[in-house]
Every structure is written in structure tokens, then in C-alpha cells.
Amino acid sequence: MFGYIRPAAHRLSGEENERFHAAYCGLCHTLGRRYGFAARFLLNFDFTFLAILLSLGTQTSCVCRRCIAHPCRGCGTIAASAALDAAAAQSVVLSWWQIQDHIADHGFWSGLKYRLAALLLRGAYRKARADASDFDMTVRQRLHELSEREREQCASLDAAAEPFAVLLSEVASTQSDETKRRIYRQLFYHLGRWIYLVDAADDFRDDARNGNYNPLRCRYSIDGDTLPDAVRLELGETLDASIRQMAGAYALLDAGEWTSVLDSIFYDSLYGIGGAVLKGIYRKPSRFRRDRTTEGETA
Amino acid sequence: MSDPYKVLNVSPNASDDEIKHAYRELARKYHPDNYHDNPLADLAQEKMKEINEAYEQVQRQRKARSSYDAQRGSYSQSSYSYGGASGQADSSDPLLQQVRAAINSGDITRAERLLNEAQAHGAEWNFLMGVVCTRRGWMDEAKQYFQNACRMDPNNAEYRQALQMFNNSGYQPAGFRSFGSMTYGSDDCLRMCAAWSCCMLSGGRCCIF
């Protein structure tokens, strides 16, 4: 998970933005409580989005809590729940294997920071693996498939994206209700596909310069280090197709109190984020800046 | 049956116009066009049925309550309904007929296996590969197959419709403009787009995690 997804803040009221922030803080606290301080650093927007989706259908209550980032004035935080616990375990497992992937991809010196991260997170991962052993197995298997696709220089966007999409769709297996599981599976499959392709577009220049595999270069036979306009258009269309599949699945869920936040994601911000990445004007936000989002992005 | 007003997401005190508006919005949301070749089409169909029934029930209740409102009954005719997601033509090739049967029964793995066995890759084969890919979520391949089918047989309405459905902009709720990733940044959306690159990057007090 790469931290791309967030609500369209300009569409939300102050209270609704606070609600998203409460989920962000809730997941942070859960990561800290269950997996230790280091695990808090794994928090990102995609995991928050995952936690919100997994919380649908359950009543979430808000509590005011302090933390190291808010030592004086506590902030609204959604209270601990089984959905948050599941999202936290999956976040740790996913991040761990991503770090392992980075270690494998980098040499000794350039991979040092990942080795250090792995060292700090070893305990957290062991605990998360015990909490989500099936998911851990799926992630290992799918990431292995993903590296195979890379090795064989796969020229099909869909085949290249499939392992990550299937990996994410496995998040649905925690759902006990069969109908809900089907909906989540479809939603997370396309979320995985979308994230994979957006990331491929985002990394295109770096991959081209470093000679790394990039599915877009193979699919469209691009020589340079920029995406031609025609490719951007085509890629935009295929990203839109996945967003529509996600929105179709989302429409079948009862989002309850999260309706405004999720509507703004599925009907607006995914297009905006994908578009910004394709146009090369996207910059990953490192951390949540609360004041900014609550102002409503009207500048 | 559950409370029809709850299904339509309106208050029991809502006016007839508000109810009609809510119904139309929901009908637009779960319209079969939005779930063409979608693995969740059956769930959307159930939802649509539930909404139609709720709307008709509300109509009946209101009609019984106020006799002057008699003309309202005709709305049920405007209900959206499925003609079956598989309004597909008969195939002349027995193998492709089996593929269509497998797709209709939801057995995509079998459909794909049969398609891989086929020797000739004509327009219909491409079309059916497109359907299988859409069901699997392989949207880039699906589009290429639909485009091939249309190129090989430009006058076939079924293939043209598939490609058209593929490009369908989908449901956007009232208040959300219909756009794509590449058109998002045009005109007044531009500043919103710029906001993606700078939002949450600067500001005062922040959360370090």
C-alpha cells in the first residue's frame, strides 16, 4: 500500500474531515497498542481507507485521546474495534513484506534503511502474523508472483497488476457474510489494480532511469522516460474503468456514517489523484496535516 | 418486507416529489448499465427489485390515503428493470455457444478454458474474450478485445454495445460531476487538482504519524 487514497477534502464539512482524521488516529492508536511504537510509523492513508471500509456496518464510537503528536489537546479518535484490529494486522503484514521486497531489490548500502526498518518491526510482524496467518501466507505468495511477473518483463497491464489486486482482495476474507465478502472482494481487487497502476505511472521516470521493470514501458513499448500523451489517455481510461468497478461495488454497501467520506473518494478523489499522477503534478503527502484539510482546500 | 421509506432513504413525511426524486436517483445508481458484465450484477438486480417494490408500495399506500392522488400509479411503469444481463445473440459456432452458456451461468473459468481451446479467433471470439476479461477485472485486455471485435465486424450491434458500455461513465451522485482521471484537471477542476499535490503538505499543527 502506498498512501495514495484520501477523501476530497473540499467536498467535506469540517465535521466530516474530522471523522476521517479520527479513523486515521484510531488506526494509529491500534497499531501502537497491538504492535508497539514502531508499528505506528507504518500508518498511511490507504490503510486508513482500509480500516474505514472494514468498519462499515459496525457502530463506531469516538473518544478523545492524547498521543505524542497531540500531547496537550487530545483529538477525536475512533474507539478500538475488531475491524480496526483486523486492518492494523493486515497493515503490518503488508508493510513487512513490502520492506522485505525493498531489501531484496536494493544493494547492501542502499537497502540499509529497509534493513533497519525490518529490524525495528520484526516483533510487530511476528505478532501480526499470528493474528492474520492466512493473510500473511497470501501476501507472501502473491508478492512472489509479482516478482515473477517483473522478472519475465510482463507486457500485460492486467496480468502484472493481478497478483497485487488478488492480494488486496484477500482482505475480504475476514468478512463472515457471503454477500458482503463478494462485494469487498470485487472492491478490493480493483483497488489493488488501481493502486498498482497508479504507482507504476508515478514511478515511471525513476524506473526508466534506473532500468527497473515497469509494466507501462512493456505494455506500450515506450523508450524514453516520460509517458506519451496517448498513453496517459489510455491509462486514464483503464484507471477509470477500475474506479467505476469500485464505485459499483461500493454502491451495494451500506456506508452509514461514512457515506460522505467514502462518496468523496469513490466519486471524486480517485479521479483527481489518478489524474494528478498521470499529469505528473502529484506529490505524495508524507503525513496528515489536520488544519489544512479542515479548512476545506478552498485556496 | 422492510420499511419502504427506509429502502428509498426518505422520511415517511417526504412529499411525493421528494420520493420520486429519491427513487429516480436510486434507479440511476443501480441501473443495469452500471453493472454490465459485472460479477456483482445479480446483487444490483436484487437491489433494484427491492427499490421498485418499495416505490410501488409507497405509491399504493399514498394512493389509498388520498384519493385525489390517483394518477400517481403510472410511475411504476417507469421503473427500471433488467432484461437479463445476457441479451446476447445466438452463436453459429458450437464451441462459442458453449462459451456463452458458461458465461450466462457465471462459470467464467470454464468460458475462458473453452475460448483458449478455440482455433479461430474471429470477431465473436474477441467479443467473448472481452466479456470474460471484464468479469475478471482485466479491464485493459477487455477493451482491446472489444475493440478487435468491433474492428473485425463493425456492423455488429452486440459488439458495439459492449464497447459503448465499457466506456460508459457510470453512476455519479447528484452534485458530483462526471469526469475521468484525464479530464479531472480541466477548467474549474484545475485548482482542485492542484490541491492534491499540496494538500496536507503544509500547515500548522500536525500529526507526526
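This is a predicted model: local features need pLDDT of at least 70, side-chain atom pairs count only at pLDDT 80 or more; totals for chains, interfaces and linings use all residues.
## Briefing on helix packing and chain architecture

In chain B, helix α7 (residues 139-152) and helix α8 (residues 157-166) cross at roughly 145°, and their axes come within 9 Å. The crossing in which α7(B) passes α8(B) is left-handed.

**Helix pairs in chain B**

- In the pairing of α7(B) with α8(B), the crossing is left-handed, and the contact is formed from the α7(B) side by B:Ala142, B:Lys143, B:Phe146, B:Gln147, B:Ala149 and B:Cys150, which meet B:Tyr159, B:Arg160, B:Ala162, B:Leu163 and B:Phe166 of α8(B).
- Helix α4 (residues 94-104) and helix α5 (residues 108-117) of chain B pack with their axes 8 Å apart and at an angle of about 165°; since angles over 145 degrees count as roughly antiparallel, α4(B) and α5(B) are therefore roughly antiparallel to each other.
- The crossing of α4(B) and α5(B) is left-handed, and the residues that make the contact include B:Leu95, B:Val99 and B:Ile103 from α4(B), together with B:Ile108, B:Leu114 and B:Leu115 from α5(B).

**Make-up of chain B**

- Chain B contains nine helices and zero strands, so that its elements, taken from the N terminus on, run α-α-α-α-α-α-α-α-α.
- Of the 209 residues in chain B, 33% are buried, and among its contacts between residues at least 6 apart in sequence, 46% join residues at least 24 apart.

**Make-up of chain A**

- Chain A has 12 helices and two strands, and the pattern read along its sequence is α-α-β-β-α-α-α-α-α-α-α-α-α-α.
- The radius of gyration of chain A is 19 Å, close to the 19 Å that the globule rule gives for 299 residues, so chain A is as compact as a globular protein of that length.
- Taken along the principal axes, the C-alpha atoms of chain A fill a box of roughly 55 × 40 × 40 Å.
- Buried residues account for 52% of the 299 residues in chain A, while 68% of the contacts in chain A between residues at least 6 apart in sequence join residues at least 24 apart.
- Helix α7 (residues 178-202) of chain A, with 25 residues, reaches 36 Å from its first C-alpha to its last, close to the 36 Å expected at 1.5 Å a residue, and α7(A) is mostly covered, with 19 of its 25 residues buried.

**A buried glycine in chain A**

- A:Gly274 lies in helix α11 (residues 259-279) of chain A, and A:Gly274 counts as buried because 27 C-beta neighbours lie inside 10 Å, where 20 or more are required.
- The C-alpha atoms of A:Gly274 and A:Asp199 are separated by 9.5 Å, although these residues stand 75 residues apart along the chain.
- When neighbours within four places in sequence are left aside, A:Gly274 is in contact with A:Val198, A:Gly236 and A:Leu239, and also with B:Ser181.

**Loop residues with positive phi**

- A:Gln153, a residue other than glycine, has a positive phi near 55°; A:Gln153 is placed in the loop between α5 (133-151) and α6 (157-169) of chain A and counts as exposed, with 12 C-beta neighbours inside 10 Å.
- B:Asn9, likewise a residue other than glycine, has a positive phi near 60°; B:Asn9 lies in the loop between α1 (4-7) and α2 (16-29) of chain B and is partly exposed, with 13 other C-beta atoms within 10 Å.

Conventions
Residues are numbered from 1 along each chain as its sequence is written. Chains are lettered from A and ligands numbered from 1 in the order in which they are written. Helices (H or I, at least four residues) and strands (E, at least two) are DSSP runs, numbered from the N terminus. Two residues are in contact if their C-beta atoms, placed from the backbone, lie within 7 Å. The radius of gyration is taken over C-alpha atoms; the globule rule is 2.2 Å times the number of residues to the power 0.38. The expected span of a helix is 1.5 Å times one less than its number of residues. Axes are lines fitted to C-alpha atoms, for helices over the stretch in contact, and angles run from 0 to 180 degrees between N-to-C directions. Angles under 35 degrees count as roughly parallel, over 145 as roughly antiparallel, 65 to 115 as roughly perpendicular and the rest as oblique. A crossing is left-handed if the near helix is turned anticlockwise from the far one by less than a right angle, and right-handed if clockwise.
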